[in-house]
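Hi,

Here is the structure I promised to pass on.

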Amino acid sequence: MKTDRRSRLKDVMKTASGHDVIARLLYSLGMDESLIEKTPLGYLRIGSLSRLSMGKLNEEAIDALLRLLNSLQEEGAEDGSGISRAWWKEAVFYQVYPRSFYDSNGDGIGDIKGITAKLDHIRSLGVDAIWCSPFYDSPNADNGYDIRDYRKIMKEFGTMEDVEELIDECHKRGMKIIIDLVMNHTSDEHEWFQRALNGEKPYEDYYIWSEKPNNWTSFFSGSAWKYFEQRKKYALHLFAEKQMDLNWDNPQVRKEMYDIANWWLDKGADGFRLDVVSFISKTEGLPDGDPTIGSLISFTGIEHYFHGPHLDEYLREFHRECLAPHDAYTVGECPGNGLKMSRMITGDDRNELSQLFSFDHIENPGKIRFDVYDFDLRKMIPEIVRWQTQYSDHCWPTVFFDNHDNPKMCSKIDRTDTHSVLINKLLVTMQMTLKGTPYIYQGNEIGMTDYPFTSIEEYRDIETLNFYQKLKEEGIEEKEILKRLFYGSRDHARIPMQWNSEENAGFTKGAPWIKVHPNYRTVNVESEEKEEGSVLRFYRKMIALRKENEALIYGSFTQLKTDRNIFAYERELDGKKYMVIMNLTDRERNYPFTVDQKMISSNYDSYSNRLRPFEANIFEVR
Ligand code: ISL
Ligand code: CA
């Protein structure tokens with residue numbers, strides 16, 4: 001059924017792509033999709049979206065929207081009945097960012113031997129698997145997400161033997177290790193790109209060239225195209241200028257990538273986290289992006305690659321060539337894919353990926369990275385509930401609030417860190433009692449918080465530094481720029497892990513590549529091991545609670561009726577039922593209903609008949 005200007009919003013949202021595109025646009029406009037389902041707005045026709053968006057969506061944007069809606073294929077995953085079991089549906093994952101985890105040789109940079117040295121700490125949390133960010137040979141334009149040689153180890157991180165030892169030591173502890181494979185782009189220093197620059201067949205066609213650039217913008221500011229005199233052509237880079245997008249429409253590129261993936265699976269990796277894997281297929285002819293849609297989603301052109309025409313085909317081929325033969329787990333990073341299109345990628349019967357990361361919940365509706373605002377947990381809940389209730393039995397969510405690309409969620413919520421211990425305990429209570437695979441990011445387990453950056457010299461991340469330059473060129477004054485950087489920089493997640501109260505938090509004996517948080521004397525693994533009510537001890541308790549109670553893993557999810565300040569839900573399986581109730585605000589609230597069940601966990605160490613700020617309690621109903 002072709003979508004046109006006369007199509008009603010509620011009808012358009014019946015398809016996977018229609019749902020996700022309209023939901024995302026509404027989200028960017030600060031509205032929730034439930035508006036369409038529950039109010040007469042659902043009867044509005046696509047053509048009237050310009051009025052609904054108060055003119056933000058002009059006629060050209062609506063044309064672009066219709067083209068997008070009619071271009072995305074429809075292959076939704078069936079609802080099916082019953083959840084199939086798998087180790088990764090029961091596992092708790094822990095993400096390690098090697099550069100900032102532990103420095104074993106005193107050069108100020110975390111390394112592979114450092115990770116191996118700390119595996120007992122990770123295992124002691126009850127974690128089953130680690131995701132290790134890239135450790136391959138790289139010039140570090142984007143801290144290793146710009147790979148120069150997929151079969152060599154970055155010299156600052158150590159040797160291939162160190163990596164083989166890490167894989168082995170994980171397995172000895174009964175843990176799995178998934179490695180970060182960046183298949184969308186390579187470093188411009190990769191041999192393939194260097195040979196492409198020399199005009200060598202077949203390498204020229206490994207990348208995406210154009211006589212003239214289209215209007216696509218990079219995630220790291222500026223145009224997504226760089227001109228190369230040697231070839232008198234532009235090459236595409238959705239990210240840094242040193243990260244050149246591969247041409248996945250070229251079967252030789254796909255074969256090269258599958259060979260690399262199989263090489264690492266044969267070495268014992270248990271699977272992959274696939275970096276921006278949903279971007280690998282671009283619209284034929286690389287047409288311009290719609291500027292309005294670009295401004296709403298914050299990157300011009302994204303409608304032409306967030307779920308491109310051949311994505312599902314290439315993921316199925318990757319599954320056939322690499323994942324299935326090794327029975328390997330894979331989680332794809334899929335920015336821009338909403339719930340319904342994510343089902344096309346992760347459905348058990350789809351033979352594409354096991355799971356994916358979608359990021360809509362990481363910013364509040366209508367907000368984008370570097371916006372200066374305090375994150376409101378209440379505005380995140382509708383998105384969390386949708387992934388709990390509409391993702392179908394055949395798909396399995398990931399449940400995360402932090403990673404190496406985002407400021408700490410606890411600090412986004414509470415900039416003064418007044419309640420950060422309570423909020424960290426609330427977040428892990430939610431993570432360990434929702435349906436889906438929890439991903440802990442290094443430092444979450446001790447309640448690390450954002451760094452008090454005060455000058456541009458303290459930042460390291462290319463996205464932050466490029467954004468600074470961009471705003472400087474726009475004439476924005478320094479104080480305003482630094483405020484925006486403080487609210488959105490990925491460097492908050494990349495400050496060194498805090499191990500003890502010694503100098504540099506025990507991260508390094510040398511000069512750390514990025515500053516250590518001044519709160520390391522109390523916020524660190526060693527001190528929190530000894531502290532009764534520490535975040536660390538609470539993490540262990542929550543993870544153990546989840547692993548001992550299948551109802552918290554495979555149980556049903558039912559949201560309980562409360563006002564928007566409270567989030568309450570039940571999990572039930574085979575007669576076991578738990579109720580979780582949390583106050584999402586910094587104000588004391590009444591319980592929304594009588595609770596006379598047995599409390600088995602709280603982030604407060606005393607009982608109250610009211611819900612105190614960010615109070616998160618679990619009750620055993622039966
Ligand atoms: O920082 C972001 C832009 O606002 C994130 O959206 C991030 O760039 C995006 O999710 C893709 O992230 C992945 O690919 C990037 C790399 O910089 C990130 O660290 C990685 O997680 C390019 O490889
Ligand atoms: Ca080191």
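Let me start with helix 17 (residues 420-433), which lies across strand 17, strand 18 (576-583) and strand 22 (616-620) and runs at about 150 degrees to strand 18. Helices (H or I, at least four residues) and strands (E, at least two) are DSSP runs, numbered from the N terminus. Angles run from 0 to 180 degrees between N-to-C directions, with axes fitted to C-alpha atoms, for helices over the stretch in contact; contact means heavy atoms within 4.5 Å.

Before the rest, some housekeeping. This is a predicted model, where local features need pLDDT of at least 70 and side-chain atom pairs count only at pLDDT 80 or more, while totals for chains, interfaces and linings use all residues. Residues are numbered from 1 along each chain as its sequence is written, chains are lettered from A and ligands numbered from 1 in the order in which they are written, and side-chain values use heavy atoms, leaving out hydrogens and water.

Back to the sheet: it is open, with 5 strands in the order 16-17-18-22-20 and antiparallel pairing (two strands pair if DSSP finds at least two bridges between them). Its edges are strand 16 (556-559) and strand 20 (598-602), and the twist averages 25 degrees from one strand to the next. Strand 16 is joined to strand 17 (residues 566-573) by 4 bridges, and Gln559 stands opposite Tyr569 in strand 17. Helix 15 (residues 381-389) lies across these two strands, at about 145 degrees to strand 16.

Now the ligands. Around ligand 1 there are 19 residues, the closest being Asp142, Asp275, Arg369, Asp405 and Arg490 (near is a heavy atom within 4 Å). Polar side-chain atoms of Arg369 and Arg490 each lie 2.8 Å from an oxygen atom of ligand 1, and for Glu333 the distance is 2.9 Å.

The calcium ion (ligand 2) is coordinated by Asp103 (OD), Asn105 (OD1), Asp107 (OD), Ile109 (O) and Asp111 (OD), at 2.2 to 2.4 Å. Donors are N, O and S atoms within 2.8 Å of the metal (3.2 Å for Na, K and Ca), and since water is not among the atoms, sites may look incomplete. Ile109 is buried at 13% relative accessible area, as is Asp111 at 3%; buried means under 20%, exposed over 50%, partly exposed in between (1.4 Å probe, protein chains only).

Last one: Thr464, in helix 18 (residues 462-473), is buried at 0%. Residues it touches include Phe370 and Arg490.

Cheers

Definitions and conventions: A polar contact is a pair of N or O atoms within 3.5 Å; within protein, one must be able to donate a hydrogen and the other to accept it, and residues adjacent in sequence count only if both atoms are side-chain atoms. Lists of a residue's contacts leave out its neighbours within four places in sequence.
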